[in-house]
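I set down here, in order, what I looked up in this structure. The entries are meant for a reader who meets it for the first time.

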Amino acid sequence: MHFFPVWHRNYLVWRKLAIPAILGNLADPLLYMLGLGYGLGQFLGDIGGVPYLNFLAAGTLAYSVMNSATFETLYSSFSRMHVQKTWDAILNTPLSLTDVLLGEWLWAASKSLLSGLAILAVIWALGLYADFALTLWLLPVIVLTGLCFSGLGLMVNSVAPNYDFFMYYFTLIITPMVLLSGVFYPPDALPGWLAAFAAALPLTHAIELARPLALGHVPSLAWLHGGVLLAYGSAGLAAGLHLTRRRLLR
Amino acid sequence: MTAPLVLTNLTKRYGATAVVDGVSLSIRAGQCHGLLGPNGAGKTTTLRLALGLIAADAGDIRLLGEPMPAGARRARARVGVVPQTDSLDPDFTVRENLLAYGRYFGLKPAEVEARVPDLLDFAGLAGKADATVPSLSGGMKRRLTLARALINDPDLVVLDEPTTGLDPQARHLVWQGLRRLTARGKTLLLTTHFMDEAERLCDVISIIDRGRIIAEGSPRALIAEHIEPQVVEIFGDTLADWRDCALDYCQRCERAGESLFCYTGDPRPVIAELDRQAGLRYLHRPANLEDVFLKLTGRDLRD
């Protein structure tokens with residue numbers, strides 16, 4: 001539990017600005033979901049037997065969790081590591097770099113859990129689900145997705161020379177995932193080679209879990225998808241730990 | 001009481017360069033020990049090795065009896081660190097900075113809260129508990145960093161260039177604080193490249209250059225051992241013509257740009273001669289640590 005003071009420090013800072021943070025986190029995905037869902041939904045009609053808005057809800061949930069975890073571990077963690085030297089200060093105490101990164105990882109996942117919960121609350125409020133009991137399974141999906149993208153984010157953070165570097169990650173990794181992983185349409189709409197590429201992306205697996213749960217089915221190959229998310233997340237965390245150690249403690 | 005820090009034959013290489021090259025050092029409890037050296041001499045690397053933040057290529061480190069870095073968690077629980085760069089939490093107030101730092105040591109919030117008024121008093125920050133960090137001056141930030149380093153009531157306080165970048169008033173306040181710490185029986189290890197700071201604060205100084213300790217002792221002993229007691233600094237238009245006669249009047253001379261440093265036991269002959277030389281000006285002073293430092297590490301720039 002040595003990581004807890006690190007998590008707690010981030011929580012206390014976040015709490016000072018919690019209201020605008022929550023609103024900011026919620027507004028963007030909500031606008032996408034409602035704007036595209038109601039607007040495009042008019043022209044698209046039903047997708048797989050459900051209104052487009054209902055289809056879009058699970059994708060928005062996963063995408064919102066991904067974004068929240070990514071922004072936290074890129075911009076905020078980078079500020080703490082590189083600009084404010086918060087990590088250096090902590091490393092002079094009994095805590096180790098492993099404690100720091102575990103705290104950061106779990107903190108970013110906690111923050112993205114909150115983003116996911118906010119979208120889930122909207123899904124519940126607007127009745128964009130088929131079976132309430134199944135939507136409860138979205139909670140572990142949100143947690144796994146948050147851990148996945150927090151781990152990957154910490155890896156990117158560990159090699160970043162400055163804030164501008166993060167544009168590469170967004171342009172080359174995050175944006176393709178948003179457009180190819182099935183947020184806006186079923187991934188089988190893609191040509192085979194592109195679908196195969198999309199299948200390797202972690203967000204695809206988060207949506208493969210979230211969408212059936214929102215639409216009232218038990219996801220097929222749930223363990224596989226969960227395993228892929230966990231694998232990406234822990235590999236990212238391990239690489240991030242290794243590279244940050246080389247960066248700060250050599 | 002065992003020595004708070006013992007380094008034995010410590011070596012750390014980066015590529016082909018040995019940044020720390022066989023350093024052995026033992027710090028006595030209750031003393032203020034200074035590591036004095038030019039930029040890039042290996043001071044900060046030595047501190048980071050001692051704290052177990054980086055691993056040595058060779059040698060042995062005992063920090064408060066613990067082998068480092070294996071016993072880092074236990075040892076660092078009893079050490080306070082004042083780093084070179086500001087690492088205060090800008091999102092927290094002064095009080096919150098101390099509370100958060102206490103949590104990293106596993107201290108209970110109530111315990112830390114009770115200690116806050118004393119620490120703020122010590123740092124000359126009483127009444128600033130609820131101030132935000134960006135509103136503090138540079139000197140206040142450094143004093144808060146010092147207070148933060150005392151949150152765990154450490155046996156050893158490690159300070160990396162504690163007064164770099166501070167104005168004279170702020171430096172004196174920090175010095176006062178450090179003297180009060182030694183008066184309370186704390187052991188201090190500090191790096192500095194300010195000679196006056198080392199001379200004022202330190203019981204023992206290790207002069208470090210190119211990763212090696214090249215001299216060690218009390219400031220007085222170092223001056224007595226390495227340098228003549230009186231210095232006459234000479235400058236002026238006719239210096240070039242006169243320079244060759246200098247050794248007729250003193251024991252040792254050093255050129256530095258447009259001035260000449262004459263080192264001697266008895267300054268009267270050289271001063272009498274200089275008073276006859278209209279084209280020369282001079283400054284007479286007792287020898288200090290800076291003279292020792294420059295003699296031992298040379299006058300070349302280090303960057």
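**Entry 1: the sheet of chain B**

I began with strand E3 (residues 32–36) of chain B, which is joined by five bridges to strand E8 (residues 187–192) of chain B, the two running parallel. Helices (H or I, at least four residues) and strands (E, at least two) are DSSP runs, numbered from the N terminus, and two strands pair if DSSP finds at least two bridges between them. I noted that B:Cys32 has B:Leu188 as its bridge partner in E8(B). I then found that E3(B) also pairs with E9(B), in the parallel sense, over four bridges. There, B:Leu36 has B:Ile207 of E9(B) as its bridge partner.

I next traced the whole sheet of chain B, an open one of six strands in the order E6-E7-E8-E3-E9-E10, with mixed pairing. Strand E6 (79–82) and strand E10 (212–217) of chain B are at the edges with a single partner strand each, so one side of each lacks a neighbour in the sheet. From one strand to the next, the twist averages 15°. Axes are lines fitted to C-alpha atoms, for helices over the stretch in contact, and angles run from 0 to 180 degrees between N-to-C directions.

**Entry 2: source and confidence**

I recorded that this is a predicted model, in which local features need pLDDT of at least 70 and side-chain atom pairs count only at pLDDT 80 or more, while totals for chains, interfaces and linings use all residues. Residues are numbered from 1 along each chain as its sequence is written, and chains are lettered from A and ligands numbered from 1 in the order in which they are written. The pLDDT is the predictor's confidence in each residue, from 0 to 100. Chain A averages 95, and 100% of its residues score at least 70. Within chain A, helix H2 (residues 18–44) has the lowest confidence, at a mean of 87, and helix H7 (residues 138–158) the highest, at 98.

**Entry 3: burial of E3(B)**

Is E3(B) enclosed or open? Five of its five residues are buried, so E3(B) is largely enclosed by the rest of the structure. A residue is buried if 20 or more other C-beta atoms lie within 10 Å of its own, exposed if 12 or fewer, and partly exposed in between, with C-beta atoms placed from the backbone. On one side I listed B:Cys32, B:Gly34 and B:Leu36, and on the other B:His33 and B:Leu35.

**Entry 4: helices of chain A**

I looked up helix H5 (residues 97–125) of chain A, whose axis comes within 8 Å of that of H7(A) and crosses it at roughly 135°. H5(A) is therefore oblique to H7(A). I also looked up A:Gly226, which lies in helix H11 (residues 222–248) of chain A. A:Gly226 counts as buried because it has 20 C-beta neighbours inside 10 Å. From C-alpha to C-alpha, A:Gly226 and A:Trp7 are 24 Å apart in space, and they are 219 residues apart in sequence.

**Entry 5: where the chains meet**

Methods: Angles under 35 degrees count as roughly parallel, over 145 as roughly antiparallel, 65 to 115 as roughly perpendicular and the rest as oblique.
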